[in-house]
Amino acid sequence: MLGGIIIILILKVKQKMIEVLRKGHKGKTIIILPGMGCSFDEWHNITETLSETNRVVMFHRPGLGESEIGNEVRNTEAVVKELLDLMSVLEITEPIILVGHSYGGLCAQHFAKCHPQKVAGIVLVDSTSVDLQELDELDLPVLDEDETDEVWLEKCKSYSSMEQEQLRKIVNPTLSEKLKSIPKEIQQRLLEFQIRPSLYKAMYSEISNWKQDAVVIKSLETTINVPLIVLGRDKEFSIKLGKQGELPEEELRIFEEKWQELIRRQRNLSNNNKIVFVECSSHAIHIDRPDIIIQSISEIVKKCT
């Protein structure tokens, strides 16, 4: 943010046009990796606050927003390379505070293990686990009707071949009540974000590869000693939300208990760790409890100063 202006750029990064958000002109550099199928605009209020005293950078992976996608494989290794290239283009040389939500958290773990010298601190926000295949081993017949990788792959493949107006009718993009407090133009960007065929092309490739990505990341035996905060969602709150959607409590409880176990294991990424399960939050902790996100990132910044 220069003089109160938010900078959204389309930058050429290794022959590809990438949409980049920059805010702030002083302090530590914080790079936030959003989740699968998620826009950096969801983080608007968080980045507004953080950029008062820090430099904040976010970018849309290829296929998301205005970022170009070709026929390349979309996996966490690709994101690691893109982040490295983007840091070079933006001339970011100091170690960064790396934040990753969901799939972005899986990418953050991969980056930190490959380039520990480039990371000063880490915040994982209800991150995808390197042991995510254990979720597939659970006996959840009702939940699996709509939430398996196979179901999502079929949906993404279909959506990626549609026109925007077709997608508008099928997806019927909406915003949660909490996102309706952000500026109207950003709300509109979020709605349009959901109906781009390229989004689903990217998601198809990411889902196709994330289990192998997890195996690769887990095999990297890098010792990391930087400050790490692992944030996990509220188990009971998430079960309550699922029940409101008429899903069986028994299956929800099995899933959420396993999810919480996988979140706890993520503290092993660094010897210097802290774990917090965030009250009244779903998987979208950044939307439900932006205060805790800001508090956690600020805590890491303070430790690195």
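**View 1. Contacts of Val 20.** Beyond its neighbours within four places in sequence, Val 20 is in contact with Ile 7, Ile 8, Leu 9, Leu 11, Phe 40, Val 57, Met 58, Phe 59, Leu 86 and Leu 90 (contact: heavy atoms within 4.5 Å). The model is predicted: local features need pLDDT of at least 70, and side-chain atom pairs count only at pLDDT 80 or more, while totals for chains, interfaces and linings use all residues. Residues are numbered from 1 along each chain as its sequence is written, and side-chain values use heavy atoms, without hydrogens and water. Val 20 is found in strand β2, residues 16–23 (strands are DSSP runs of E, at least two residues; helices are H or I, at least four; both are numbered from the N terminus). Val 20 is buried, at 0% relative accessible area (buried: under 20%, 1.4 Å probe, protein chains only).

**View 2. Helix α6 against helix α9.** Helix α6 (residues 149–160) and helix α9 (residues 197–219) pack at about 150 degrees, with axes 8 Å apart (axes are lines fitted to C-alpha atoms over the stretch in contact; angles run from 0 to 180 degrees between N-to-C directions). That makes α6 roughly antiparallel to α9 (over 145 degrees). Contact residues include Trp 152 and Leu 153 of α6, and Tyr 200 and Ile 207 of α9.

**View 3. The largest nonpolar core.** Of its 60 residues, Ile 31 and Leu 98 touch the most other members (a nonpolar core is a set of buried Ala, Val, Leu, Ile, Met, Phe, Trp, Tyr and Cys residues joined through side-chain atoms within 4.5 Å). Helix α9 gives the largest share, eight residues. Apart from this core lies another, of 25 residues, among them Val 56 and Ile 229.

Notes:
Buried < 20%, exposed > 50% of the residue type's maximum accessible area, 1.4 Å probe, protein only. Parallel < 35°, antiparallel > 145°, perpendicular 65-115°, else oblique.
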